[in-house]
Amino acid sequence: MSSPFAIVAGVGPGTGATVARKFGASYPVALLARNPANYQDAVKDIEAAGGRAIGIPTDVTDPTSVKSAMGKIQKELGGDKCAAAVFNVGGRFIVKPFLELNQEEYESGWEANGRGAFLFSQAVLPMLLNSTDLQHPPTLIFTGATAGFRGSARAAAFSTGKFALRSLSQSLAREFGPKGVHVSHVNIDGIIDIPRTHEWMKDAGPDAKIKPEAVSSCSPRIREAQ
């Protein structure tokens with residue numbers, strides 16, 4: 001029988017990579033990102049530690065790209081037993097007065113977190129439903145933001161996408177929880193400390209930003225994988 005695997009979409013230098021490394025200690029793991037450079041180091045780290053990892057360039061807003069990625073995962077990792085799937089796609093962080101937003105900017109938040117989460121969920125849920133006999137309940141995790149609970153001024157585009165993501169996670173939890181699939185929305189209430197954010201709040205002290213490793217260590221389901 002093939003071994004169950006994990007899937008992490010939205011891998012970058014922060015949360016996605018650290019979550020993938022955590023799962024990579026216990027499962028074969030597929031790392032998805034639009035830009036291969038975003039997952040290459042994490043793939044190397046997992047394999048250097050004795051794990052199995054594959055990286056697949058994927059645009060989660062494109063149904064053809066998502067379908068192709070899932071086909072490659074099943075071919076390369078074998079079977080269709082998925083222990084966990086993580087949707088960590090951030091989307092564009094646009095801070096702009098509402099009356100200055102154009103339609104493309106506004107819709108970008110929904111495309112990443114609304115459409116992307118929809119396509120990813122439809123692709124992974126059949127595999128998760130096929131994995132309810134595993135030691136731990138198969139799990140679908142969405143990483144969200146406080147923008148999904150409270151829309152801030154000048155953040156209409158980002159908040160719209162994050163609200164859609166949280167709403168989808170609630171609906172899926174109520175539909176698939178009784179079927180044995182755990183669905184969770186993890187709210188990351190802060191700025192992740194990655195190269196792109198080094199200049200943000202740089203005078204606010206060492207505790208102003210969140211270390212990516214702290215995020216992956218706080219999720220109970222990810223701790224179970226260790």
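What follows is a chat about a predicted model, covering its sheet, its helices and some of its side chains.

User: Let's start with the sheet. How many strands, and in what order?
Analyst: Six strands, in an open sheet ordered β3-β2-β1-β4-β5-β6, and the pairing is parallel.

User: Which ones are the edge strands?
Analyst: β3 (53–57) and β6 (182–188); each of them pairs on one side only.

User: And what's the average twist?
Analyst: From one strand to the next the twist averages 15°.

User: How many bridges join β1 to β2?
Analyst: Four, between β1 (residues 5–9) and β2 (residues 29–33), and the two run parallel. As for who faces whom, I7 stands opposite A30 in β2.

User: OK, helices. Which strands does α1 lie across?
Analyst: Helix α1 (residues 15–24) lies across β1, β2, β4 and β6, and runs at about 175° to β1.

User: What about α4?
Analyst: α4 lies across β1, β2, β4 and β5 (139–145), running at about 180° to β4.

User: Switching to aromatics. How many pairs are there in the whole structure?
Analyst: The search finds four aromatic pairs. One of them is F23 with Y27, a tilted pair with 6.4 Å centre to centre and 45° between the planes.

User: Why does F23 count as buried?
Analyst: Because its relative accessibility is 0%, and buried means under 20%. Y27 is buried too, with a relative accessible area of 14%.

User: Which residues form a cluster with F87?
Analyst: F120 and F142; together with F87 they form one aromatic cluster.

User: What lies over the face of F149?
Analyst: R166 does, at 4.1 Å from the ring centre.

User: Last one, K162. Where does it lie?
Analyst: K162 lies in helix α5 (residues 156–176).

User: Buried or exposed?
Analyst: K162 counts as buried because its relative accessibility is 4%, with the cut-off for buried at under 20%.

User: So what does K162 touch?
Analyst: Leaving out residues up to four places away in sequence, K162 touches V89, G90, N113, T143, A145, A147 and G148.

Methods
Residues are numbered from 1 along each chain as its sequence is written. This is a predicted model: local features need pLDDT of at least 70, side-chain atom pairs count only at pLDDT 80 or more; totals for chains, interfaces and linings use all residues. Side-chain values use heavy atoms; hydrogens and water are left out. Rings of Phe, Tyr and Trp (its six-membered ring) pair if their centres lie within 6.5 Å; planes under 30 degrees apart count as stacked, over 60 as edge-to-face and the rest as tilted. Buried means under 20% relative accessible area, exposed over 50%, partly exposed in between (1.4 Å probe, protein chains only). A charge sits over a ring if NZ of Lys or CZ of Arg is within 6 Å of the ring centre and within 35 degrees of the ring normal. Contact means heavy atoms within 4.5 Å. Two strands pair if DSSP finds at least two bridges between them. Axes are lines fitted to C-alpha atoms, for helices over the stretch in contact, and angles run from 0 to 180 degrees between N-to-C directions.
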